[in-house]
Amino acid sequence: MVHNRGSEIRNPQSKLIPVSEAPVINLAVDEEEAIELRHRANSLAWIDLSPRSLCDLELLASGALSPLERFMGKADYENVLKHMTLANGTLFPLPITLPFSRDQEVSPGQEVALRTPRHDIVAILSVEEVFDWHWAYEAETVYGTTDARHPMIAEMCSLGNRCASGPLRLLKLPKRYDFAELRKT
């Protein structure tokens, strides 16, 4: 039998979408490591995640943004803005960054806790890279406008002006009560 890629999607008998050959990304640590990291996280500097960054973290941690395993570093970020590809040439249309304020002391070689808007620690970032972020350039390049009436632009205006990247270790996903049937790992 000849099997067309994607035929499961068109087959009303099947509800599964075929997966790619890429390895499954899961950034969650086991419970024992999560307990140790939670204790250590209390003494770390932190970045408060915007609602958008928190959603991006969830997508990164579950592999939904594969092949990304972290927030983009400068090379991937700039390549996505210019060519809609990661630095290695993989198609990727939107930047996935972790903006934070310049007044926060975050530097390469440091570990920082990532917190929800309610201050729950959800992940640890081992900072490898910090770079300047110019929201207006990204807004114009990606969305074609800097008009703050656009909801994405309004959010971008309120974020910091630097970005951090590095390996992530997810301690726990934030509790979500909406769309539970869609929030799958």
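**Local features**

A: Start with Met84, which lies in the loop between H4 and strand S2 (99-100). Helices (H or I, at least four residues) and strands (E, at least two) are DSSP runs, numbered from the N terminus.

Q: How are residues numbered, and what kind of model is this?
A: Residues are numbered from 1 along each chain as its sequence is written, and side-chain values use heavy atoms, with hydrogens and water left out. The model is predicted: local features need pLDDT of at least 70, side-chain atom pairs count only at pLDDT 80 or more, and totals for chains, interfaces and linings use all residues.

Q: What is the phi of Met84?
A: Positive, about 60°, although Met84 is not a glycine.

Q: Why does Met84 count as partly exposed?
A: Because its relative accessibility is 42%. Buried means under 20% relative accessible area, exposed over 50%, partly exposed in between (1.4 Å probe, protein chains only).

Q: What about His119: where is it?
A: In the loop between strand S3 (111-115) and strand S4 (121-126). His119 has a positive phi near 70° and is not glycine. It counts as partly exposed because its relative accessibility is 47%.

Q: New topic. Is Asp56 buried or exposed?
A: Buried, because its relative accessibility is 7%. Asp56 sits in helix H3 (residues 51-62).

Q: What does Asp56 touch?
A: Leu65, Phe71, Ile96 and Thr97, leaving out residues up to four places away in sequence. Contact means heavy atoms within 4.5 Å.

Q: And the bond from Ser66 to Pro67, cis or trans?
A: Cis, with omega near 20°. Pro67 is in the loop between H3 and helix H4 (74-83).
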